[in-house]
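Please study the sequence and the structure shown below, and then work through each solution in order.

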Amino acid sequence: MNYSVIIPARYESSRLPGKPLVDLLGIPMIIRTYQQCAKACDTNNIYVATDDERIKIICQEHNINVLMTSKNCLTGTDRVAECMNYLDSEVFINVQGDEPLFNPEDLKIMIRKAQEFPNEILNGYCEIISEKDFRSRSIPKVVFRPDNKLLYMSRGTIPNNKNNEFLKAWRQVCVYAFPRNALKSFNEKKEKTPLESLEDIEILRFLELGHEVRMIKLSNQSIAVDNPSDVQKVITELRKINN
């Protein structure tokens with residue numbers, strides 16, 4: 001399978017400006033994310049897609065492939081879609097740039113599953129362990145059919161019951177695999193779809209455009225950096241790993 005791993009990296013994050021270059025024990029976050037991906041596949045297949053010269057320079061200093069993309073991309077997936085202009089890959093695997101503790105085994109699984117289901121959109125998920133994560137408004141929760149096809153994704157508490165209890169739930173792991181045709185369809189929509197905009201979850205655009213999404217079970221080791229408090233969580237975990 002002809003695939004590329006794309007790490008989208010936008011400098012102007014609304015919740016944490018300059019997020020890809022946040023220092024994590026002496027190493028910028030985007031570099032740590034890349035290093036995790038490099039443990040899973042050939043580095044010739046890995047690209048950072050950015051709109052910022054500062055990120056480009058840091059990546060080049062570490063001999064990382066860089067693709068410059070528009071500052072007007074609506075989402076990270078739109079940024080990945082722009083990479084189709086430069087690469088002839090059949091499948092584009094998107095690893096979020098704010099996943100510095102990303103588990104390399106998860107990427108290996110996603111590559112294998114993309115080979116097994118080359119014409120399907122794939123998205124990672126794992127079980128939610130704590131009620132705090134279930135109640136968090138920054139963590140997208142997922143519900144899916146018995147055949148693992150996505151039904152819906154929300155920052156709200158789903159699935160839920162009459163008593164608003166946390167019984168069992170799952171969250172998104174931000175690694176995706178997109179066939180070229182599906183990615184092209186996504187990018188042709190030049191505005192966010194209604195539910196995508198409401199929830200601020202880009203994978204919903206695929207559902208609203210009529211595509212199906214297969215959910216792939218991955219580990220629960222990742223810590224997505226959405227705000228300054230998450231940075232300290234990652235640093236604490238890195239110190240544990242280093243010790």
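**Exercise 1: The nonpolar cores**

The largest nonpolar core has 32 residues, and those with the most contacts inside it are Val 5, Val 48, Ile 93, Leu 107, Met 110 and Val 175. A nonpolar core is a set of buried Ala, Val, Leu, Ile, Met, Phe, Trp, Tyr and Cys residues joined through side-chain atoms within 4.5 Å; buried means under 20% relative accessible area, exposed over 50%, partly exposed in between (1.4 Å probe, protein chains only).

The model is predicted: local features need pLDDT of at least 70, side-chain atom pairs count only at pLDDT 80 or more, and totals for chains, interfaces and linings use all residues. Residues are numbered from 1 along each chain as its sequence is written, and side-chain values use heavy atoms, with hydrogens and water left out.

Task: State which residues Val 5 contacts, leaving aside neighbours within four places in sequence.

Solution. Contact means heavy atoms within 4.5 Å. By this criterion, Val 5 is in contact with Cys 41, Asn 45, Ile 46, Tyr 47, Ile 93, Val 95 and Leu 107. A second, separate core of 28 residues includes Leu 67, Cys 83, Leu 150 and Ala 182.

**Exercise 2: The cysteines**

Solution. Step one: a disulfide is a pair of cysteine sulfur atoms within 2.5 Å. Step three: Cys 59 is buried, at 0% relative accessibility. Likewise, Cys 174 is in no disulfide, as the nearest cysteine sulfur, in Cys 126, is 10 Å away. The structure holds zero disulfides.
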